[in-house]
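User: I am new to this structure and would like to learn how to read its features. Please take me through them one at a time.

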Amino acid sequence: MSKEYDEYLTNHIDNVWKGYRWVEKYAPEILNKIDNIKEFEKQLRAHDKSKWSDEEYDAYDKYFYGKKDQAEFDLAWAHHQKLNEHHWQYWLLFNDEDGVKTLDMPYEYIVEMILDWWTFSWSKNNLNEIFKWYELHDINVSKNTRKEVENILDVLKDAIDQYEVDTE
């Protein structure tokens, strides 16, 4: 158990909420498609709780703040992806006959996924970092999910641009 990893986890969760509160204020249209905002907030309160579990905590801590053990981390990362619906990997179906099939992600999990990605922008004090990240990463999602992701990112980009103009 390391202080550094505990601080990282706390900051990560705080940044998910910073992003959510920012979207709530400056890009509320992203949240308008969520049927039950109270349930969504409950979902966000549970964000990445599995990282505190025995299956994940030590492996993540060692990988990022100690002696890297790739095999141990890979198992923890697989556990995390398959336990947390805000990861696109959760929505991959592996079939014996026809390989990998991408399933549509529910909108609430798409928003949480984007808030999760956006935490790195908050930690770097650069709200636009998410767009570069998205361009550099090849996510394997369904056509419908990709369309929603890119629509949300477009709304977010416009809101950030406006926010930056308004705060100059």
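Analyst: Bear in mind that this is a predicted model. We can begin with charged pairs. Side chains of opposite charge can pair when their charged atoms come close. In this structure there are eight salt bridges.

User: Which residue forms a salt bridge with K33?

Analyst: The partner of K33 is E148, and their closest N and O atoms are 2.7 Å apart.

User: Where do R21 and E24 lie?

Analyst: Both R21 and E24 are in helix 1, three residues apart, which is about one turn of the helix. Their side chains form a salt bridge with an N to O distance of 2.9 Å. R21 counts as partly exposed because its relative accessibility is 39%, and E24 counts as partly exposed at 34%. R21 and E24 are also linked with E41 in a network of salt bridges.

User: What does D161 form with K157?

Analyst: D161 and K157 form a salt bridge, with 3.1 Å between the closest N and O atoms. Both are in helix 7, four residues apart, again about one turn of the helix. D161 is partly exposed at 31% relative accessibility, and K157 is partly exposed with a relative accessible area of 31%.

User: Next, the nonpolar residues. How many residues does the largest nonpolar core have?

Analyst: In soluble globular proteins, nonpolar side chains tend to be buried together. Here the largest nonpolar core has 37 residues, and W118 and L156 have the most contacts inside it. At least two residues of this core come from each of helix 1 (3–26), helix 2 (37–45), helix 5 (107–123), helix 6 (129–136) and helix 7 (143–166). Helix 5 gives the most, with 10 residues.

User: Which residues does L156 touch?

Analyst: Leaving aside residues up to four places away in sequence, L156 touches W22, V23, I30, I114, W118, I130 and F131. Apart from this core lies another one, of eight residues, including Y5, L9, Y60 and A76.

User: How should I read the aromatic rings?

Analyst: A pair of aromatic rings is described by the distance of the centres and the angle of the planes. In this model the count comes to 21 aromatic pairs. One of them joins W52 and Y57, with centres 5.9 Å apart and 25° between the planes.

User: Why does that pair count as stacked?

Analyst: The label follows from the angle: planes under 30 degrees apart count as stacked, and the angle for W52 and Y57 is 25°. Y57 is buried, at 6% relative accessibility, whereas W52 is partly exposed at 42%.

User: Which residues form one aromatic cluster?

Analyst: The cluster is made up of Y5, Y8, W52, Y57, Y60, Y63, F64, Y65 and F73. Y5 and Y60 are also among the residues of the eight-residue core.

User: What sits over the ring of Y63?

Analyst: The charged end of K68 does, 4.6 Å from the centre of the ring. Y63 itself is one of the residues in the aromatic cluster.

Notes: Residues numbered from 1 in each chain as written. Predicted model: local features only at pLDDT ≥ 70, side-chain atom pairs only at ≥ 80, totals over all residues. Heavy atoms only, no water. Core = buried A, V, L, I, M, F, W, Y, C linked by side-chain atoms within 4.5 Å. Buried < 20%, exposed > 50% of the residue type's maximum accessible area, 1.4 Å probe, protein only. Contact = heavy atoms within 4.5 Å. Salt bridge = Lys/Arg side-chain N within 4 Å of Asp/Glu carboxyl O. Phe/Tyr/Trp six-rings, centres within 6.5 Å; stacked < 30°, edge-to-face > 60°. Lys NZ or Arg CZ within 6 Å of the ring centre and 35° of its normal.
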